[in-house]
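Have the model open while you read.

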Amino acid sequence: MHVSFIKKNVFCCMKKMYFIAVYPPQEIIEEVKVFKKDLALNYENSKALKNDAHITLFPPFSRALELENDIHAAFQKIDTNLSPFEITLNGFGSFPNPKNPVLFVHPEPNENLHILHERVKQYFNFTPYSFTPHITVGYRNLSYDNYLKAWEIYKEKEFKTKFLVNKITLLRHDHEWVPIAEKRLTGNVSEQ
């Protein structure tokens with residue numbers, strides 16, 4: 001009985017990481033992976049390869065696993081009555097923080113993406129988060145010196161594509177990020 005009590009306590013206290021994102025189609029994920037491989041090979045940024053290309057709507061947060069049903073319930077309440085919309089990715093940008101520089105693919109300003117973020121924030125608002133849409137290419141173990149070298153190349157590099165946003169995805173970290181729920185945008189295109 002003592003052993004099962006310990007196991008139950010371990011389970012009830014086990015925490016998982018979650019986040020909410022918009023993912024481009026696989027072909028764009030593969031195109032962005034080329035830039036991530038370049039950062040890994042030429043700028044010692046192997047961590048960039050860990051995640052597929054995405055735009056974060058709510059950043060990673062930690063919760064006890066037994067609260068996952070509550071996370072699902074909040075996710076399903078998000079108002080996705082919004083017409084599917086296109087996002088244009090155009091060139092590169094960066095966050096030049098010396099301690100944690102980030103290099104990213106830059107989405108053009110998009111009002112619908114901000115509306116979607118505001119709707120997510122209605123149910124996921126327990127972490128302050130400034131919303132600057134981007135698709136990360138280099139971060140974490142990217143040194144500031146290597147960031148500066150990479151930025152010299154990437155600030156002039158051309159990359160332009162677009163994709164249709166028609167759903168949002170809830171992910172959980174189980175050794176890697178795994179989609180555990182999605183919610184389609186349900187608005188009628190002719191409404192807008």
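Four strands make up an open sheet in the order β2-β1-β7-β8, and their pairing is antiparallel. Strands here are DSSP runs of E with at least two residues, helices are runs of H or I with at least four, and both are numbered from the N terminus; two strands pair if DSSP finds at least two bridges between them. It's a predicted model, so local features need pLDDT of at least 70 and side-chain atom pairs count only at pLDDT 80 or more, while totals for chains, interfaces and linings use all residues. Residues are numbered from 1 along each chain as its sequence is written, and side-chain values use heavy atoms, with hydrogens and water left out.

- β1 (residues 15–22) and β2 run antiparallel, joined by seven bridges.
- Ala21 has Thr56 in β2 as its bridge partner.

**Helices on the sheet**
- Helix α3 (residues 68–77) packs on the sheet and touches β1, β2, β7 (167–173) and β8, where contact means heavy atoms within 4.5 Å.
- The direction of α3 makes about 35 degrees with that of β8.
- Helix α4 (residues 111–121) also packs there, touching β1, β2 and β7, at about 15 degrees to the direction of β2.

**Thr161**
- Look for Thr161 in strand β6 (residues 160–165).
- Thr161 is buried at 19% relative accessible area (buried is under 20%, exposed over 50%, partly exposed in between, with a 1.4 Å probe and protein chains only).
- Leaving out residues up to four places away in sequence, Thr161 touches Ile28, Glu31, Ile87, Thr88 and Leu89.

Key. Axes fitted to C-alpha atoms, helices over the stretch in contact; angles between N-to-C directions.
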